[in-house]
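Please keep the sequence and the model side by side as you read.

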Amino acid sequence: MDISWKRIIYLICAIQVGAGITIIGVLSFIPLYLVDLGLTNQGEAAVWAGLVSGVTPCMVALSAPFWSRKANELGPRRVMMFILATLMLAVGAAGFAQTPSQLLVLRTLQGLVGGFVPIGLGIIVLITPEERVPWAMGLYQASMVMGLVFGPLMGGLAADLLGYRAPFFMFSILSGLCLLGVYLLMPNLQHTHKVDSNESQWSLIKSFLAIPRVRLLVIMQFLCNFGITGIGPILPLYIKHYMQVNDDFVATIVGVIIFGAGLFSALASISIGRITKWMSMPNILLTATCGVGGFFILQYLMPNVWSLGIFRTIAGFFMGFITPIANTLISKAVPKERRSIVFGAVSSVAMMGNVLGPMISGVIANWFGYGMVFWSTASIFFIAAIFVWRSLLRESI
């Protein structure tokens, strides 16, 4: 087997780990950093945490199609270098923020150059042999999850030991190393099918969403992204105010919990290539969405932080199956020559779940209490399971 394509896959996965740590590493202490910037009311802090956490994926959702299109025109290498350079500067500047508004602006800028994931997915479908796409998708998903694993843990430890500003500088350096890796090691790939310059982004999105299976899988990813990200901004506050823990180590505890969930999610993603040999992808999706919903309910019922962490870890394992399988099915549902641009076009719809999840969960926590966020998150996954059953499984019976 020609291993050159595998080397590129490993490279973009490594870069994705670094970029993911840079973006997500601050989530374990963002609510506490906002308090340090002057917010004292718990409800107000929850709302601001939702805004600051949600604005980045919002801008990613809006800008990802643009960057995917630029990668299609200019090649992935040049676009990835620009994205990483801007990210390095924006994250470093966030360490000098003096007000929540300044932090919000800088997180917005990070989102505007956050179109890295669909570019990576486009590279996968461009260079990976057809029979190895599920493996490559699983590995890339695992690399995204590894940002979830190590980012909050690194950010939490650095915040508790060095202060809330130090992680921003650390992550800025990391994104600079990623930039160097792309510059030195990434070949100048070119997509074989170029997008017609007269074809609008909206027309691309409509053309892909007109495919029933793509539409279903994008909606399901939207629901799952909504549920997964919604709990993140309120988790530190929930643990701090409702669990018996040392307040000086809340960020570290949150980082450890996210580490466990992310680690098991990555293990699930890596194992997809083997599991799909004896279980169909729609059945895996149904099992995974039901499992995540059930274990979110169990998280809320737990009396202490460590039992909550155990059930969040199990929920993370089921989460690891959802996105790579959905992306694999999407790639198989569109013409081969247009696979490199499909992810930029449809990911903006799916990523809106990352936007609305933190924002709406912050409002729910403010109005109904933190516990209600667990119940609403579980409901989202059960709704996604109904979509899978009705549209992917029932049609084959």
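Contact here means heavy atoms within 4.5 Å. With that in mind, look at Val133: leaving aside its neighbours within four places in sequence, Val133 is in contact with Thr128, Thr328 and Ser331. This is a predicted model, in which local features need pLDDT of at least 70 and side-chain atom pairs count only at pLDDT 80 or more, while totals for chains, interfaces and linings use all residues. Residues are numbered from 1 along each chain as its sequence is written, and side-chain values use heavy atoms, with hydrogens and water left out.

Val133 lies in helix α7 (residues 133–162); helices (H or I, at least four residues) and strands (E, at least two) are DSSP runs, numbered from the N terminus. Is Val133 buried or exposed? Val133 counts as buried because its relative accessibility is 5%; buried means under 20% relative accessible area, exposed over 50%, and partly exposed in between (1.4 Å probe, protein chains only). Val133 and Lys332 are 199 residues apart in sequence, and their C-alpha atoms are 9.7 Å apart in space.

Now move to Val60, which is found in helix α3 (residues 42–74). Val60 is buried as well, with a relative accessible area of 9%. Setting aside neighbours within four places in sequence, Val60 is in contact with Gly111, Gly114 and Met351. Between Val60 and Ala326 there are 266 residues of separation in sequence and 19 Å in space, C-alpha to C-alpha.

Helix α4 (residues 76–94) is the next stop, and Thr86 has its place there. At 17% relative accessibility, Thr86 counts as buried. Not counting residues up to four places away in sequence, Thr86 touches Leu109 and Val113.

From here we can turn to helix pairs. Two packed helices are described by the angle between their axes and the distance between the axes. The axes are lines fitted to C-alpha atoms, for helices over the stretch in contact, and angles run from 0 to 180 degrees between N-to-C directions.

How do α4 and α8 lie relative to each other, and at what angle do they cross? The axes of α4 and helix α8 (residues 166–185) come within 8 Å and cross at roughly 165°. That makes α4 roughly antiparallel to α8; angles under 35 degrees count as roughly parallel, over 145 as roughly antiparallel, 65 to 115 as roughly perpendicular and the rest as oblique. The crossing of α4 and α8 is left-handed, a label used if the near helix is turned anticlockwise from the far one by less than a right angle, with right-handed used if clockwise. Among the residues that meet here are Met81, Leu84, Met88 and Val91 in α4 and Phe168, Phe171, Ser172 and Leu179 in α8. The residues of this contact between α4 and α8 divide into 15 nonpolar, 4 polar and 1 charged. In this scheme Ala, Val, Leu, Ile, Met, Phe, Trp, Tyr, Cys and Pro count as nonpolar, Asp, Glu, Lys and Arg as charged, and the others, Gly among them, as polar.

Not counting residues up to four places away in sequence, Ser172 touches Met88, Val91 and Gly92. Ser172 counts as buried, at 12% relative accessibility.

Helix α8 also packs with helix α1 (residues 4–24): their axes come within 8 Å and cross at roughly 160°. That makes α1 roughly antiparallel to α8, and their crossing is left-handed. Leu11, Ile15, Gly18, Ala19, Ile21 and Thr22 in α1 meet residues of α8 including Phe171, Leu174, Cys178 and Val182. By class, the contact of α1 with α8 has 9 nonpolar, 4 polar and no charged residues.

For another arrangement, find helix α11 (residues 235–242) and helix α12 (residues 250–270), which pack at an angle of about 120° with their axes 10 Å apart. These two helices, α11 and α12, are therefore oblique to each other. Their contact is made by Leu235, Pro236, Ile239 and Lys240 of α11 and Val250, Val254 and Ile257 of α12. It comprises 6 nonpolar, no polar and 1 charged residues. The crossing of α11 and α12 is right-handed.

Finally, how many disulfides does the structure hold? It holds 0, a disulfide being a pair of cysteine sulfur atoms within 2.5 Å. The sulfur of Cys178 is 12 Å from the closest cysteine sulfur, in Cys13, which is too far for a bond. Cys13 is buried at 6% relative accessible area, and Cys178 is buried at 5%.
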